[in-house]
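Have the sequence and the 3D view at hand.

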Amino acid sequence: MSDATTAPVPAVPADAVPPRRVRVALLFGGRSGEHAISASTAAGVLRAIDRDRYDVVPVGITRAGRWVVAADDPARWQITDGRLPEVTADSGAEVLLSLTQGERTLRTLEPGQVPAVLGEVDVVFPLLHGPFGEDGTVQGLLELADVHYVGAGVLASAVGMDKHFMKLVLAGQGLAVGPYTVIRPGDWARDRQACLEAVEPLGLPLFVKPARAGSSLGITRVDDLADLEAAVEAAREHDPKVIVEAGIDGREIECAVLGGRAGAGPRASLPGEIVVDHGSHAFYDFEAKYLDEAHVDLRCPAELPQHVIDEIREVAVRTFEAVGAEGLSRVDVFVTPDERVIVNEINTMPGFTPFSMYPRMWEASGVTYPELVDELIQLALERPTGLR
């Protein structure tokens, strides 16, 4: 019998092994009044994200703050026929995030069972709006976990969420803001009448808002001072701290800002304008934004002279940089009849459904929704964790 030899197994070229896909945890829901809007935003991202490049782990946060494995089903989380989606405790197993530096591991916890490893994540995309999500709290948690995440850091998120301190920072950087006053919870409890009287010099109309809320929740337009106290109480249902702003004669214009890559600064989109049928809505309120699109006209780019468009884009970037934002923000301004640009606010996690103004403004500027999702994730991966 002749000697037999085993043929060598050919080596597999290193480049023949497909690279591991980047693992992205989409974080949505949350404890704020904007829970359903956050879920709707997640539906849009779930549809748009490139599954060939990214391994997606949807993680919902219930109204009580429990993190759970959520359905990877966009239809489950979108707003349909007025139905507002909600993450509930029975949506899936509870999720735990390791806070050990460099570990970046998610685990699931079932009652009576040993925690199971869900896997390591490369980046978190926090699609959270309002307090306990957009205000720096979750960003601080992700910093402690040493995990990359999309969007503004702790300080910028906190400043962007609190309209009072936001205006202080913007004015301190030389940006024009409108007249306003703040009603703190202690002042309202001690001398309600003095608070109401302090508002009167602002004139009419007034806009009474929760200081730390979004999606137009709790906002009332006041055209008669007799209605002011009720408007403050309505705002206090969402936040004990209330801001009262003078009405500004001007067009409401929005501009999207996208954080630049390493070595490049942020850039601004073409501006957009929201035109509301005032026969149906006094202003662009929650219902007009999310439940009654038939009476809202979204125009992008806004019909403005080129020099005004240029100024709006410049102001938007200056606002972004003033609060130290990263990744994405939407800057809302007023353009007065004499073409002054006055900053209303910055939103560090703007509405992000495919129909929201932020992605629509970028669409008009040449960046598609899937491209926008991809760039935001790449920006987050490039950015170092910790102090920077």
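Q: What is the relative accessible area of aspartate 72, and is the residue buried, partly exposed or exposed?
A: The model is a predicted one. Buried means under 20% relative accessible area and exposed means over 50%. Aspartate 72 has a value of 38%, so the residue is partly exposed.

Q: Which side chain meets that of aspartate 72 in a salt bridge?
A: Aspartate 72 lies in the loop between β3 and α2, and its partner lies in the loop between α1 and β2, so the pair ties together parts that are 21 residues apart in sequence. The N to O distance is 2.8 Å, and the partner is arginine 51.

Q: Which residue forms a salt bridge with lysine 209?
A: Lysine 209 is in strand β10 and its partner is in strand β12, so the pair ties together parts that are 36 residues apart in sequence. The closest N and O atoms are 2.7 Å apart, and the partner is glutamate 245.

Q: How many residues apart are glutamate 86 and arginine 63?
A: Their side chains meet in a salt bridge, 3.2 Å from N to O. Glutamate 86 is in the loop between α2 and β4, while arginine 63 is in the loop between β2 and β3; the separation is 23 residues.

Q: How many salt bridges does the structure hold?
A: Glu143, Glu326, Arg383 and Arg388 are linked in a network of salt bridges. The number for the structure is 26.

Conventions:
Residues are numbered from 1 along each chain as its sequence is written. This is a predicted model: local features need pLDDT of at least 70, side-chain atom pairs count only at pLDDT 80 or more; totals for chains, interfaces and linings use all residues. Side-chain values use heavy atoms; hydrogens and water are left out. A salt bridge is a side-chain nitrogen of Lys or Arg within 4 Å of a carboxyl oxygen of Asp or Glu. Helices (H or I, at least four residues) and strands (E, at least two) are DSSP runs, numbered from the N terminus. Buried means under 20% relative accessible area, exposed over 50%, partly exposed in between (1.4 Å probe, protein chains only).
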